[in-house]
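I opened my notebook to look up the aromatic rings in this model. My entries follow.

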Amino acid sequence: MIKVAPRNILADLKRKKPDSVSKIKQVYNERYRLNIEKKSPRLEMQQLLKLLGDNKYVSRYRACEDNVTIRDIFWTPPESINLFNTFPTVIDSTYKANKYRFLLLEIIGVTSSNKQFSVEFAFLECEKEDNVT
């Protein structure tokens, strides 16, 4: 799927059909509707797991005792594994809270030419050693 910014979609539409009365809000609404339709009945976490699998990301997760609620989830793109094996230097890791009150851990690596790349991402229930490990 090609991702095009809504403003570019609207500009292209106006260029092709100058008499169009479409507004940017309509473009956003249509994009939202298409995303919901594509997601179908899956919950957000189910959609995330599906997309990780579809795009061949390496991912692991831990569930609570009920085997329904996710406690921690880790994912990394395959290219990042190759880069990290070649350049194992980590320069940064950041924690950020999100709307689910989980911590988002992002580990960033650096190549020999000082280019940065994302090594991995994880949503963590808390900042305990067990969760991070």
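**Aromatic rings and confidence**

I began with Trp-75, which is buried at a relative accessible area of 11% (buried means under 20%, exposed over 50%, partly exposed in between, with a 1.4 Å probe and protein chains only). The model is predicted, so I noted its limits: local features need pLDDT of at least 70, side-chain atom pairs count only at pLDDT 80 or more, and totals for chains, interfaces and linings use all residues. Residues are numbered from 1 along each chain as its sequence is written, and side-chain values use heavy atoms, without hydrogens and water.

Next I looked up ring pairs. Rings of Phe, Tyr and Trp (its six-membered ring) pair if their centres lie within 6.5 Å; planes under 30 degrees apart are stacked, over 60 edge-to-face, the rest tilted. I found 2 aromatic pairs. Trp-75 and Phe-121 are stacked, at 5.8 Å centre to centre and 20 degrees between the planes. Trp-75 sits in strand 2 (residues 70–76) and Phe-121 in strand 5 (residues 116–124), 46 residues apart. Strands are DSSP runs of E, at least two residues, and helices runs of H or I, at least four, numbered from the N terminus.

Trp-75 and Phe-123 form a tilted pair, with 5.5 Å between centres and 55 degrees between planes. Phe-123 lies in strand 5 and Trp-75 in strand 2, so this pair ties together parts 48 residues apart in sequence. I logged Trp-75, Phe-121 and Phe-123 as one aromatic cluster.

Last, I checked pLDDT, the predictor's confidence in each residue from 0 to 100. The protein chain has a mean of 84.
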